[in-house]
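Shall we take a look together?

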Amino acid sequence: MKRLLLLLILVALLCPLTAPAEDATCSHARTVPEDFVCELPEGEPADVYYFSDALLIGDSIAGSLDLRDVIPEVKIEYVIGLSPNAALKYSNVEYEGEKMTMAAMCARIQPRKLFVMLGSNGLDQMKSGVILEDYHLLLDQLLDDLPDTDIYLISVTPIRSPATKEKYPTFTHARIRAFNTGLRELAETHGVHFIDCYTPLMMENGSDGLKENFTGDGIHLTERGATLVADTIRTHVAPETVIYEEVVLE
């Protein structure tokens with residue numbers, strides 16, 4: 001009996017209990033240094049060379065930046081209606097003659113800076129937590145595929161609710177703010193940056209509906225709105241910590 005008891009104690013020491021799954025941290029989350037700043041303060045605008053190795057992916061809101069040509073120094077890839085789930089699972093982009101997912105394209109390009117502008121699609125119907133869970137899975141994959149890339153998550157931009165109330169009655173500022181809060185938390189826990197483009201546009205909006213020049217249909221950005229988002233991106237990026245050769249993404 002004593003011999004059996006000693007054997008059980010030895011097994012317990014050599015085989016520690018596995019922590020429950022819900023307590024495990026994300027295996028792809030980067031080690032976040034103590035001085036890491038998730039949401040960077042406004043600084044001087046980064047120049048064109050800073051973005052020569054940058055990629056911005058997103059949905060039709062990101063497409064506004066491309067169509068308005070307000071940040072031409074950044075390579076932009078977008079798909080109308082794209083969600084975090086679709087960016088991870090559906091082959092809806094073409095790169096180098098192949099159809100692939102947006103996440104796979106990012107892995108193929110290997111940008112040194114990646115800006116992700118997703119989350120608005122489905123937010124009128126689904127709870128923000130559901131979309132954030134999909135975003136979490138997408139971010140895990142990006143971190144796995146792009147270990148040396150600086151990643152920036154861009155907030156969902158505001159709506160002008162008088163223009164969207166009839167078609168999207170449940171797409172509200174409250175839903176957007178809840179999503180953006182969760183997105184910032186997701187960025188912080190994963191050691192990536194967050195850029196708030198909601199607040200600057202709301203400041204431009206003043207009281208909802210009084211100023212309409214940042215969006216025409218209530219959701220998509222006018223040239224003024226797209227320019228303000230581009231300027232916010234330029235002034236909220238981390239300074240270069242390593243000197244790289246200039247790499248232009250094709």
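Which side chains meet in a salt bridge at 3.4 Å, N to O? They are those of R108 and E98, and we return to them below.

## About the model

This is a predicted model, in which local features need pLDDT of at least 70 and side-chain atom pairs count only at pLDDT 80 or more, while totals for chains, interfaces and linings use all residues. Residues are numbered from 1 along each chain as its sequence is written, and side-chain values use heavy atoms, with hydrogens and water left out.

## The sheet

Five strands form an open sheet in the order β2-β1-β5-β6-β7, with parallel pairing. Strands β2 (75-78) and β7 (193-195) are at the edges with a single partner strand each, so one side of each has no neighbour in the sheet. From one strand to the next, the twist averages 20 degrees. Strands here are DSSP runs of E with at least two residues, helices are runs of H or I with at least four, and both are numbered from the N terminus; two strands pair if DSSP finds at least two bridges between them.

Within the sheet, β5 (residues 113-117) and β6 (residues 150-154) run parallel and are joined by four bridges. L114 has I151 in β6 as its bridge partner.

## Helices on the sheet

Helix α2 (residues 60-68) packs on the sheet, where it touches β1 (54-58), β2 and β5; contact means heavy atoms within 4.5 Å. The direction of α2 makes about 140 degrees with that of β2. Helix α4 (residues 102-109) also packs on the sheet and touches β1, β2 and β5, with its direction at about 175 degrees to that of β1. Axes are lines fitted to C-alpha atoms, for helices over the stretch in contact, and angles between N-to-C directions run from 0 to 180 degrees.

## Where α2 meets α9

Helix α9 (residues 223-234) packs against α2 at an angle of about 100 degrees, and their axes are 9 Å apart. That makes the two helices α2 and α9 roughly perpendicular (65 to 115 degrees; under 35 is roughly parallel, over 145 roughly antiparallel, and the rest oblique).

On the α2 side, S64, L65 and R68 take part, meeting E223, A226, V229 and I233 of α9. The residues of this contact divide into four nonpolar, one polar and two charged. Nonpolar covers Ala, Val, Leu, Ile, Met, Phe, Trp, Tyr, Cys and Pro, charged covers Asp, Glu, Lys and Arg, and the others, Gly among them, are polar.

## Salt bridges

The structure holds eight salt bridges, each a side-chain nitrogen of Lys or Arg within 4 Å of a carboxyl oxygen of Asp or Glu. One of them joins R234 and E73 (2.8 Å, N to O). R234 lies in helix α9 and E73 in the loop between α2 and β2, so the pair ties together parts 161 residues apart in sequence. R234 and E73 are both buried (under 20% relative accessible area; exposed is over 50%, partly exposed in between, with a 1.4 Å probe and protein chains only).

Back to R108, which is partly exposed at 37%. Its side chain meets that of E98 at 3.4 Å, linking helix α4 to strand β4, ten residues apart. E98 is partly exposed, at 39%. The side chain of R108 also meets that of E96 in a salt bridge (2.9 Å, N to O), and E96 is exposed at 55%.
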